[in-house]
Amino acid sequence: MPQAMRESAAALAAPGEAVGPLERGLTVLRTMAAEPDPRQRASDLARTTGLARSTVDRIAITLVRLGYLRSDGRDLLLAPRLMELGNAYLASCGLPDALEPYAAALADELDESVSIAVPDGDGVRFITQATRRRAMSLAFRIGDLLPAERCAPGAIFAAGWDETDRGRWLARRREDPLDTAFPAVPPRVASSHPDLAEAAFGARVREAAGLGWSLDDQFIEPGLVAVAHAVRDRTGAAVCALSVVSHTSRHSAQSLREYALPRLRRAAAAMEEALRTPSRPGPQPATLAPGEADGGLKAELGPEFLQSLARGLTVLRVLGRAQGGLSLTGVAGAAALPRASARRALITLEYLGYVRAEGGVFTLLPRVLELGYARLSRLTFGEIVRPHLAELTREVRESASVAVLEGDEIRYVERVPTARIMSVDITVGTRFAAYATSMGRVLLAGLPAPERATRLARTDFQPLTRHTVSTADALADILESVGRDGHALVDEELEEGLRSVAMPLRDRLGHTVAAVNVAQHAGRATRQQFLDTVLPPLASAVARIEADLAVASERQYISAT
């Protein structure tokens with residue numbers, strides 16, 4: 001159902017026990033995810049959603065403090081931490097973890113992009129993909145939603161629709177003839193005979209029901225072809241569809257079917273066998289401490305903080321910690337919420353289509369991915385890091401940078417300069433010898449000992465200034481201290497008058513992938529004053545960056561280079 005239709009229905013038929021702030025907060029997130037412009041102002045959101053400006057302001061304050069939005073002046077943007085809600089669904093459904101290896105192997109075998117999608121209402125939502133890097137990119141993003149009639153998996157899923165489902169689909173086509181509710185696809189070409197297109201889709205659905213697979217011959221856009229095969233559970237229901245996607249420069253729809261379908265069938269059969277194999281029971285979901293659902297922010301912010309919105313989002317998070325779902329008692333316990341609060345949140349989430357209740361067990365639905373997941377999954381390393389560098393620069397009034405180790409040098413990959421008459425003039429792409437820089441030293445200190453020793457042995461030490469370290473033994477001692485202290489200070493060793501301090505930036509597995517530093521002119525403060533002033537905000541910025549990267553990279557690789 002298009003967003004406008006769903007929100008109209010919500011206004012008319014919300015359950016009496018629905019949590020208003022939760023419903024309105026999700027409306028704001030959903031609206032921001034759907035708008036073409038990632039930057040929205042509170043006034044824009046009030047106009048788009050029909051909510052009062054004061055309500056939008058309180059929602060924004062709450063979501064910013066929870067880390068799901070960030071503010072940049074008067075603008076609001078979705079923040080990477082919001083992806084933890086989509087990650088919760090992907091973890092709880094179990095499909096990506098169980099089936100991704102088969103999709104990746106098929107992509108390698110065919111040298112074509114492969115994706116897995118699940119049904120979501122009268123649409124198809126992607127939950128994982130294995131892409132091929134080509135000039136003509138064919139990949140969708142995890143979380144993208146496509147109309148069922150415009151993609152190969154849609155015919156497979158529509159084979160299981162009842163009359164109510166088909167009625168919703170027809171209503172959506174009448175309400176949204178150009179597919180504006182599906183930003184991942186180009187607008188549909190208006191037709192004076194929509195009944196013919198609907199009949200054609202019906203024929204494809206009947207064919208898919210009999211064959212178990214379906215073709216997409218440029219239904220999404222000219223040039224894109226795909227073949228999809230059903231992956232069924234023990235009951236015979238299609239739980240997901242495995243698709244191979246190509247371009248007409250390499251395949252027609254028929255040649256792609258002939259090339260890919262035999263191997264697609266084998267991969268789908270292997271996936272079905274994997275789903276039939278009982279998985280080991282996972283650990284019981286960790287229980288939040290009392291008050292952790294809102295991080296104590298209610299006491300700090302008072303009436304401006306919407307506690308019921310924070311609690312409802314916590315319910316979404318804890319449902320992602322247990323495959324197979326949780327009972328009401330389990331949700332309340334895991335979220336450290338009163339049973340009544342958990343119940344009302346679940347009623348609201350079920351009504352909005354984010355949660356399913358079946359046999360007293362609550363599970364997340366793929367619609368959770370509409371809360372910004374596809375947009376945020378497009379963020380690069382630099383786009384994640386840059387806002388935190390800007391905040392750090394504003395706080396310490398000095399330039400802040402990120403660099404990676406390449407051979408015996410560091411290369412600057414992000415930088416936010418300060419606005420001073422006298423400032424450090426370095427740009428993205430600049431390279432320096434690693435041994436003489438603060439970022440180089442934390443990166444060298446993060447290497448395994450044998451690799452670090454090899455690099456030190458081949459280092460060509462140059463007397464850049466009278467303070468520059470000049471021997472491998474001296475540098476080895478410095479790196480040992482850096483490892484213990486967690487930071488590196490370089491004072492006028494790279495250049496006279498230049499001082500900097502750096503800390504390592506680690507990925508979700510604890511590996512050092514980059515370094516963050518703050519640099520200043522040495523004449524502005526003593527060494528100790530510099531450390532006392534800069535280290536605490538630098539450590540805070542690094543922690544925020546690492547937290548965002550951990551969430552954003554849970555289901556995809558994000559390269560710092």
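**Figure 1. Contacts across the whole chain.** Of the contacts in the protein chain with a separation of 6 or more, 65% are between residues 24 or more positions apart. Keep in mind that this is a predicted model. The protein chain has 20 helices and 17 strands. Its radius of gyration is 26 Å, close to the 24 Å that the globule rule gives for 561 residues, so the chain is as compact as a globular protein of that length. Along its principal axes, the C-alpha trace spans about 80 × 60 × 50 Å.

Figure 2. How much of the protein chain is buried? Buried residues make up 51% of the 561.

Figure 3. Is H12 enclosed or open? Ten of its 13 residues are buried, so the helix is largely enclosed by the rest of the structure. Among those buried residues you'll find Leu-309, Ala-310 and Gly-312. The run from Leu-313 through Thr-314, Val-315, Leu-316, Arg-317 and Val-318 to Leu-319 is buried too. Here's a handy bit of background for looking at any helix. An α-helix has 3.6 residues a turn, so residues three or four places apart point the same way.

**Figure 4. Two loop residues with a positive phi.** Look at Asp-179, in the loop between helix H8 (163-175) and helix H9 (194-211). Its phi is near 60 degrees, a positive value in a residue other than glycine. Now go to Ala-336, which sits in the loop between helix H13 (328-335) and helix H14 (339-351). Ala-336 isn't a glycine either, yet its phi is positive, at about 55 degrees. Ala-336 has a relative accessible area of 25%, so it counts as partly exposed.

**Figure 5. Arg-257 in helix H10.** This arginine has its place in helix H10, residues 253-276. With a relative accessible area of 24%, Arg-257 is partly exposed. What does Arg-257 contact, leaving aside neighbours within four places in sequence? The answer is Trp-213, Leu-215 and Pro-262. Met-32 is 225 residues away along the chain, and the C-alpha atoms of Arg-257 and Met-32 are separated by 38 Å.

**Figure 6. Arg-367 and Tyr-89.** You'll find Arg-367 in the loop between strand S11 (361-364) and helix H15 (373-376). Arg-367 is buried, with a relative accessible area of 14%. Along the chain, Arg-367 and Tyr-89 are 278 residues apart, but their C-alpha atoms are separated by 8.9 Å.

**Figure 7. Trp-161 and the residues it touches.** Trp-161 lies in the loop between helix H7 (152-158) and H8. Not counting residues up to four places away in sequence, Trp-161 touches Gly-121, Asp-122, Ala-148, Arg-166, Trp-169 and Phe-201. One of these, Asp-122, is 39 residues from Trp-161 along the chain, and the C-alpha atoms of the pair are separated by 9.0 Å.

**Figure 8. His-229 on strand S8.** This histidine is found in strand S8, residues 224-232. Its relative accessible area is 12%, so His-229 is buried. Which residues does His-229 touch, not counting residues up to four places away in sequence? The list includes Ile-156, Gly-212 and Trp-213, along with Cys-240, Ala-241 and Leu-242. Leu-261, Leu-264, Arg-265 and Ala-268 touch His-229 as well. Finally, look for Ser-214: it is 15 residues from His-229 in sequence and 6.6 Å away in space, C-alpha to C-alpha.

Conventions. Residues numbered from 1 in each chain as written. Predicted model: local features only at pLDDT ≥ 70, side-chain atom pairs only at ≥ 80, totals over all residues. Heavy atoms only, no water. Buried < 20%, exposed > 50% of the residue type's maximum accessible area, 1.4 Å probe, protein only. Helix = DSSP H or I, 4+ residues; strand = E, 2+ residues; numbered from the N terminus. Rg over C-alpha atoms; globule rule 2.2 N^0.38 Å. Contact = heavy atoms within 4.5 Å.
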